[in-house]
Amino acid sequence: MQTQTDNIAVFRNVSIDYPLKKYTIRAVTDVNFELKRGKITALVGESGSGKTTLASSLIRCISEPGRVAAGEILFRGKNKEGEIEEIRVDKLSDKEMRAFRWNKVSMVFQAAQSALNPVMTVRQQFFETLDAHEAKLPKGEKKQKSGDREAKEQKCRDLMEYVKLDADRVLASYPHELSGGMKQRVMIAFALLLDPELIILDEPTTALDVITQNYIFNLLRKINRERGISMLLMTHDISVVAKFADYMGVMYGGRLMEYGSVANVFKYREHPYTAGLIGATPSIVGDIADMKPIKGSPPDLMNLPQGCIFSPRCPKCRDICLTAEPPTREFADGGRGKCYFYREGEHADTD
């Protein structure tokens with residue numbers, strides 16, 4: 001039976017708005033979602049589905065003027081005694097949030113080149129982060145400045161070696177002197193700098209070649225398995241989710257349309273949108289003629305359809321779908337689906 005301590009983070013009925021001068025755009029609507037402790041959870045969906053906005057709310061890095069309009073965001077991390085404590089993230093003060101970021105939750109951003117400071121070496125940026133968060137480094141109690149610097153240097157070198165980078169070269173380099181794959185590994189080392197419990201990964205392999213992408217994902221899985229760090233991955237590539245993640249949520253138009261273990265979501269494909277994403281994914285063993293793109297375009301958040309938000313593109317659309325938004329059904333295996341039509345039998349709901 002699942003307990004509260006099984007989840008490291010929980011989103012309860014979370015809605016996120018972007019207030020503008022003449023109207024307000026709701027980018028995320030009434031999402032219930034949890035991240036399993038020690039597991040890799042993926043959020044998948046087309047661009048504009050709300051996955052990055054939802055994930056960013058966990059460290060309050062939503063782009064301006066976005067704000068959490070409703071709901072609760074909870075983080076269940078470990079305190080100094082190793083006990084689980086619950087933090088209401090959306091209620092933290094600015095000072096508390098600065099301490100929370102990177103110590104409890106860190107993030108690997110989509111564009112490593114933009115995330116790194118172009119006029120500072122990698123070493124300077126690592127040291128600056130350690131100083132800003134007053135990191136406690138292993139080296140006794142009170143340290144002299146020279147000993148403190150040695151401890152920081154060793155910490156940085158250990159991380160460079162862990163992500164398979166040449167510490168001498170990379171720490172002394174500026175971002176423009178590194179390749180895309182090297183910069184992304186620097187960002188992964190950056191995310192590990194203060195030993196967080198959860199890492200958010202915003203499409204971490206964008207613009208990298210296929211071989212480098214595979215290397216990065218294998219490295220991330222190694223970190224997850226060896227260090228027990230929970231991970232939240234945002235991606236539009238559902239094939240990556242199949243190989244890399246343990247749990248997944250499918251987002252569309254700011255709604256969570258389906259959630260469950262990766263094995264069950266791929267097996268049952270409860271929501272037509274999930275089935276469409278999987279059906280549109282190319283396979284090296286299947287016939288390209290079997291690929292079926294999802295017709296139409298993602299919804300305009302300023303002019304949403306009545307009823308189910310996916311109804312204009314849904315092959316299973318019926319009259320009821322055009323009049324009322326479907327409820328979220330809970331399934332016996334722990335999964336959820338937001339659709340009027342679902343398979344009976346083994347994957348039946350809990351009603």
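A residue is called buried under 20% relative accessible area, exposed over 50%, and partly exposed in between (1.4 Å probe, protein chains only). Tyr259 is buried by this rule, because its relative accessible area is 3%. The model is predicted: local features need pLDDT of at least 70, side-chain atom pairs count only at pLDDT 80 or more, and totals for chains, interfaces and linings use all residues. Residues are numbered from 1 along each chain as its sequence is written, and side-chain values use heavy atoms, with hydrogens and water left out.

Helices (H or I, at least four residues) and strands (E, at least two) are DSSP runs, numbered from the N terminus. Two strands pair if DSSP finds at least two bridges between them. Such pairing goes through backbone hydrogen bonds, either parallel or antiparallel.

Phe11 has Ile73 in β4 as its bridge partner.

Ser57 lies in the loop between α1 (51-56) and β4. Its relative accessible area is 2%, so Ser57 is buried. Contact means heavy atoms within 4.5 Å. Neighbours within four places in sequence aside, Ser57 is in contact with Phe11, Ile16, Ile62, Val68, Ile73 and Val89.

Strand β3 (residues 40-44) is mostly covered, with 5 of its 5 residues buried. Side chains in a regular strand alternate between the two faces of the sheet. In β3, Ile40, Ala42 and Val44 point one way, while Thr41 and Leu43 point the other. β3 pairs in the parallel sense with β8 (residues 230-235) over 5 bridges. Val44 stands opposite Thr235 in β8. β3 also runs parallel to β9 (residues 247-252), and 4 bridges join the two. Here Leu43 has Gly249 of β9 as its bridge partner.

Rings of Phe, Tyr and Trp (its six-membered ring) pair if their centres lie within 6.5 Å; planes under 30 degrees apart count as stacked, over 60 as edge-to-face and the rest as tilted. The structure holds 10 aromatic pairs. In one of them, the ring centres of Phe11 and Phe33 are 6.0 Å apart and the planes lie at 35°, so the pair is tilted. It links distant parts of the chain, with Phe11 in β1 and Phe33 in β2, 22 residues apart. Phe11 and Phe33 are buried. Tyr247 and Tyr259 form a stacked pair, 6.5 Å centre to centre with 15° between the planes. Tyr247 lies in β9 and Tyr259 in β10 (residues 255-261), so this pair ties together parts 12 residues apart in sequence. Tyr247 counts as partly exposed, at 24% relative accessibility. Phe11, Phe33, Tyr247 and Tyr259 form one aromatic cluster.

Charges also meet rings. A charge sits over a ring if NZ of Lys or CZ of Arg is within 6 Å of the ring centre and within 35 degrees of the ring normal. The charged end of Lys152 sits over the ring of Phe127, 5.9 Å from its centre. Arg227 lies over the face of Tyr162, 4.2 Å from the ring centre.
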